[in-house]
Amino acid sequence: MFSELEKNLRQHITLTTDEFDRVKRYFVPKKLRRKQFMLEASDVCTRMAFVSKGALFSYSTSEKGSINVVQFAFESWWMADLYSFFTEEPSKLYIEALEDSELLLLKADRLQPLLADVPAMETYLRILYQNAYVALQRRLEETIGLTAEQRYLRFMERDGRLLLRVPQHMIASYLGVTPETLSRIRKQVS
Amino acid sequence: MKTKSTIAIIGSTGNMGSAIAKSLAKGSNRLLLFGREDTKLQTLKNDIHTLNSGADVEAIGCPKDASWEADIVILAVPYAAEAAVAEEIRPYVTQKIVISIANPMNETFDGMVTPADSSAAQELQKLLPDAQVVKAFNTTYAANFAEPVIAGVPADAYVAGDDEKAVQTVTELVQSMGLNPVVAGGLAVSHTLEHMQLLLIQLTVKNNYNWHAGWKILHN
């Protein structure tokens with residue numbers, strides 16, 4: 001249940017066995033089935049999820065009912081609406097299981113006790129937030145500055161293997177194009 | 001809150017477990033039912049769908065899986081069975097709410113089997129140190145979940161626990177079931193709550209209340 005998290009933590013920080021045993025006591029083990037929600041829009045996001053197994057995706061919805069995919073998260077990735085998590089404002093996002101998933105959830109009110117108990121986790125979380133910021137900025141720049149085809153190529157280069165698990169219409173939504181445009185791009189670049 | 005909570009009821013084929021399940025099924029939560037008697041479990045599922053055709057309810061094969069998938073676990077097994085179930089679910093209820101409904105009475109209903117300075121809820125907390133144990137539903141008879149108003153008055157349903165947020169969540173749950181929640185205090189108050197029910201059972205038998213009785217605090 002904790003092997004992926006342990007591997008991930010140890011990539012970034014040094015933890016004794018005793019420290020990792022203490023870390024485990026702050027995480028909620030939670031199974032989520034495909035199509036179930038970790039968060040629904042208008043609720044405050046009070047939990048960050050580490051994906052041990054499976055996949056999640058976050059999205060907003062338009063007035064017409066279409067979805068705008070914001071982010072995917074696969075094994076060993078983190079998922080949350082950090083904006084809502086830190087401001088405690090209601091989220092505009094849904095976080096849904098793309099596949100049957102096993103998560104480890106860290107609740108907002110457990111964050112400070114965890115950091116006080118195992119200070120090395122401060123470093124880990126700083127790296128986590130840095131990565132989240134970098135990913136957000138990259139996504140913003142790609143959305144503003146690149147053509148759909150360039151965005152697709154970047155995306156495939158970065159996460160192509162994982163995206164075999166994602167339906168085409170969700171990839172199209174993530175890239176901000178219609179499924180027809182995505183299909184055309186795929187033909188052009190193949 | 002809009003995001004559905006998943007509530008596992010371990011021991012859902014017992015009197016209390018099935019009454020709680022039916023009462024919860026009126027809400028929008030997802031219910032996972034675990035009970036050792038398959039036929040009863042199937043009947044319960046059918047009853048729930050009759051009460052609420054849109055109820056999100058599923059029978060699940062073992063307490064471990066039910067607890068892993070749940071956000072809240074209701075332990076509706078007899079006190080004598082609690083330790084074994086707790087051992088089974090312990091790794092899967094870290095930082096989750098576990099509701100203790102038990103009244104740890106002896107066979108002759110004239111005392112408790114728990115240590116004099118403890119309670120079923122406190123003993124459960126010792127077995128599940130990383131869970132947020134909350135005492136609830138122990139002063140409500142099974143029949144009163146369907147009829148929470150007794151002699152024209154909604155009976156009180158006392159809630160006790162050490163984690164403020166967990167107590168708040170359980171209080172909201174109790175309210176959603178049509179019961180009148182009263183936050184009684186920290187988990188140690190469970191000792192009093194369990195003894196209140198011991199007395200109520202003794203008086204129910206003595207005065208023939210027909211298992212429709214409850215506690216009510218009268219106040220201005």
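Colleague: To begin, how many salt bridges does the rule count over all chains?

Modeller: Please keep in mind that this is a predicted model. Side chains of opposite charge can pair when their charged atoms come close. Applying the rule with its limit of 4 Å between a side-chain nitrogen of Lys or Arg and a carboxyl oxygen of Asp or Glu, the count over all chains comes to 28 salt bridges.

Colleague: And how many salt bridges does the rule find across the interface of chain A and chain B?

Modeller: One example is the pair of A:K30 and B:D71, whose closest N and O atoms are 3.3 Å apart; this pair crosses between chains, from strand β1 of chain A to the loop between α3 (63-69) and β4 (72-75) of chain B. Another example is A:R33 with B:E69, where the closest N and O atoms are 2.8 Å apart. Across the interface of chain A and chain B, the rule finds 7 salt bridges.

Colleague: Which three residues supply 30% of the area that chain A buries against chain B?

Modeller: The two chains bury about 1900 Å² between them, and 41% of this is on carbon and sulfur atoms. On the side of chain A, more of the buried area comes from one set of three residues than from any other three, and that set is A:R25, A:K31 and A:R33.

Colleague: Which element gives the largest share of the side of chain A that touches chain B?

Modeller: In the contact between the chains, 24 residues of chain A meet 23 residues of chain B, and 13 residue pairs are in polar contact, both residues being at pLDDT 80 or more. On the side of chain A that touches chain B, at least two residues come from each of β1 (28-32), β2 (37-39), β8 (101-107) and α4 (108-117) of chain A. By class, that side has 10 nonpolar, 2 polar and 12 charged residues. The largest share, 4 residues, comes from β1(A).

Colleague: Turning to the sheets, which residue stands opposite A:F37 in β7(A)?

Modeller: One open sheet of chain A has 4 strands in the order β2-β7-β4-β5, with antiparallel pairing, and its edge strands are β2 and β5 (67-73), each of which pairs on one side only. From one strand to the next, the twist averages 30 degrees. Between β2(A) and strand β7 (residues 94-97) of chain A, which run antiparallel, there are 2 bridges. In β7(A), the residue opposite A:F37 is A:E96.

Colleague: In the other order, β1-β8-β3-β6 of chain A, which residue in β6(A) stands opposite A:F50?

Modeller: This order also belongs to an open sheet of 4 strands with antiparallel pairing, where β1 and β6 (78-79) of chain A are the edge strands. Strand β3 (residues 47-53) of chain A is joined to β6(A) by 2 bridges. The residue in β6(A) that stands opposite A:F50 is A:W78.

Colleague: Finally, at what angle does α4(A) run to β8(A)?

Modeller: Strand β8 lies within the order β1-β8-β3-β6 of chain A. The helix α4(A) lies across β3 and β8 of chain A, and its angle to β8(A) is about 70 degrees.

How values were computed
Residues are numbered from 1 along each chain as its sequence is written. Chains are lettered from A and ligands numbered from 1 in the order in which they are written. Side-chain values use heavy atoms; hydrogens and water are left out. Contact means heavy atoms within 4.5 Å. Buried area is the accessible area (1.4 Å probe) that two parts lose on being put together, summed over both. A polar contact is a pair of N or O atoms within 3.5 Å; within protein, one must be able to donate a hydrogen and the other to accept it, and residues adjacent in sequence count only if both atoms are side-chain atoms. Ala, Val, Leu, Ile, Met, Phe, Trp, Tyr, Cys and Pro count as nonpolar, Asp, Glu, Lys and Arg as charged, and the others, Gly among them, as polar. Two strands pair if DSSP finds at least two bridges between them. Axes are lines fitted to C-alpha atoms, for helices over the stretch in contact, and angles run from 0 to 180 degrees between N-to-C directions.
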